[in-house]
Amino acid sequence: MRAETLARLQAERAAKRPVALLTRLADGAQHLFPGEGVPAALAEAAVAALDADAARSLTLEGETWFIHPYTPPLRLLVIGAAHITQALAPMAPALGFAVTVIDPRRAFATEERLPGVTLIDAWPDDAMAELAPDTRTAVVTLTHDPKLDDPALDIALRSGAFYIGALGSRRTHAKRIARLAELGHGPEAIARIHAPVGLDIRAVTASEIALSIMAEIVAARRGAVLGEVRPGAMAAKVPA
Amino acid sequence: MTEDILAIAGAWRDAGEQVALATVVETWGSSPRPAGSQLAVTMSGKLAGSVSGGCIEGAVADAAKVAMNSGAPALLDFGISDERAWEVGLSCGGKLKVFVEPIA
């Protein structure tokens, strides 16, 4: 790789722009996509690799190209600097998520409680509109307070966020559904909300709940079919 | 945050090291690291990242040094038989191709 290519690749990544590095394996010739004119078939494969966030190879006129997508970090937007947030914030970066916590209650959203996390003390509707959730964004509301959670959910439901989760019991969620319906969200949109939030792993502590939320986010991102028993899993069970 | 191998490779190069990059470009079977996994190697012997569970990193580093000396990239084939894989601590029996290129 030419040092100049590396520098340009890193500049694109620093600007959080998706970019694919195309390498001809026979001789190491390289292009960056988008930005450099490449054959249509290569461009198409680069777009697909960026969409799927997975590297792939393409053989074009007898030459094999390796297509390596570099996508901006996934984002996790958390509404509420709650106790669970404190457990979630260090977990998410390890899974590739950049975390932003939104909480206008300044006593909660402090650097002390959430070291190293991007904190926004604006109202969730303003903050969410500014952050513009996209298909690489997960949104989780954890305040228990409709005044804070609802405006965030309202914007999340109008966005392409791949995951929307809301803390609260089934009863709380039923009331929430009624309020979101009043804001004009149909049943299909509301069904995007994972509530109660997190996979059912019988989580009790804040860390366990954070784990269940991250597991559910990963499952949503990877398109996992939940509730399926893994082949062979039954054999491992101890007979009653 | 997951390690940024390119950033590390760039920083090493800025510090005056000779650096090569190894990238998994194809895998078959249950290889431990997916295509796109990277290992940065310096002539002085520094390593960052991984292209397997530790099984082939040594061989890849050697190939990277050859590439740094010659200035030419190389495509390496690793077929790991089950028995051999077990011996070296990789029980997957996977196969993979690794592209090694000097940064110049």
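Tutor: The largest cavity in this predicted model has a volume of about 60 Å³, and the count of cavities of 30 Å³ or more comes to one. Its lining draws on both chains: chain A contributes A:Leu21, A:Thr23, A:Leu25, A:Gln30, A:Phe66 and A:His68, while chain B contributes B:Thr23, B:Val25, B:Gln38, B:Phe99 and B:Glu101. In terms of secondary structure, at least two lining residues come from each of β1 (19-24) and β4 (63-70) of chain A, and likewise from each of β1 (19-28) and β5 (95-102) of chain B. By class, this lining divides into five nonpolar, five polar and one charged residues.

On the chain B side, strand β5 also holds B:Lys95, a residue that counts as partly exposed because its relative accessible area is 43%, which lies between the limits of 20% and 50%. Between B:Lys95 and B:Ser37 there are 58 residues of sequence separation, and their C-alpha atoms lie 14 Å apart in space. Chain B as a whole has three helices and five strands, which follow one another from the N terminus in the order α-β-β-β-α-β-α-β. Of the 104 residues in chain B, 45% are buried, and where contacts join residues at least 6 apart in sequence, 53% of them link residues at least 24 apart. The accessible surface of chain B is about 4,900 Å², with 50% of that area belonging to carbon and sulfur atoms.

Chain A, which supplies the other part of the lining, contains eight helices and ten strands, and its C-alpha atoms fill a box of roughly 60 × 55 × 40 Å along the principal axes. Buried residues account for 43% of the 240 residues in chain A, and among its contacts with a separation of 6 or more, 57% are between residues 24 or more positions apart.

The peptide bond from A:Phe33 to A:Pro34 is cis, with omega near -5°, and A:Pro34 sits in the loop between β2 (30-33) and α2 (40-52). In the loop between α2 and β3 (56-60) of chain A lies A:Asp53, whose phi is near 60°, a positive value in a residue other than glycine; A:Asp53 is classed as partly exposed because its relative accessibility is 24%. For context, most residues other than glycine have a negative phi, and most peptide bonds are trans. The loop between α3 and β6 of chain A holds A:Leu95, which is partly exposed with a relative accessible area of 41%, and the C-alpha atoms of A:Leu95 and A:Pro69, 26 residues apart along the chain, are separated by 18 Å.

A further loop of chain A, between β10 and α8, contains A:Pro196, and a cis peptide bond with omega of about -5° joins A:Ala195 to A:Pro196. In the loop between β10 and α8 one also finds A:Arg202, which has a positive phi of about 60° although it is not a glycine, and which is exposed, its relative accessible area being 69%. A:Pro196 is also part of the lining of the second largest pocket, where A:Pro196, A:Val197, A:Gly198, A:Leu199 and A:Asp200 lie nearest the centre among 15 lining residues. That pocket has a volume of about 260 Å³, and its lining comprises seven nonpolar, five polar and three charged residues.

Buried residues in α8(A) include A:Ile209, A:Ile213, A:Glu216 and A:Ile217. An α-helix has 3.6 residues a turn, so residues three or four places apart point the same way. The buried residues of α8(A) pack against β5 (74-79), α3 (83-94), β6 (97-102), β8 (137-141), β9 (163-166) and β10 (193-194) of chain A. Just after α8(A), A:Gly223 takes a positive phi of about 65°.

Key: Residues numbered from 1 in each chain as written. Chains lettered and ligands numbered in written order. Predicted model: local features only at pLDDT ≥ 70, side-chain atom pairs only at ≥ 80, totals over all residues. Heavy atoms only, no water. 1 Å grid on protein atoms, 1.4 Å probe; cavity = no way out; pocket = protein on both sides within 12 Å on 5 of 7 lines; lining within 4 Å. Points joined across faces, edges and corners; volume = space filled by probe spheres on them. Nonpolar A, V, L, I, M, F, W, Y, C, P; charged D, E, K, R; others polar. Buried < 20%, exposed > 50% of the residue type's maximum accessible area, 1.4 Å probe, protein only. Helix = DSSP H or I, 4+ residues; strand = E, 2+ residues; numbered from the N terminus. Contact = heavy atoms within 4.5 Å. Areas by Shrake-Rupley, 256 points an atom, 1.4 Å probe, with all protein chains shown as cover.
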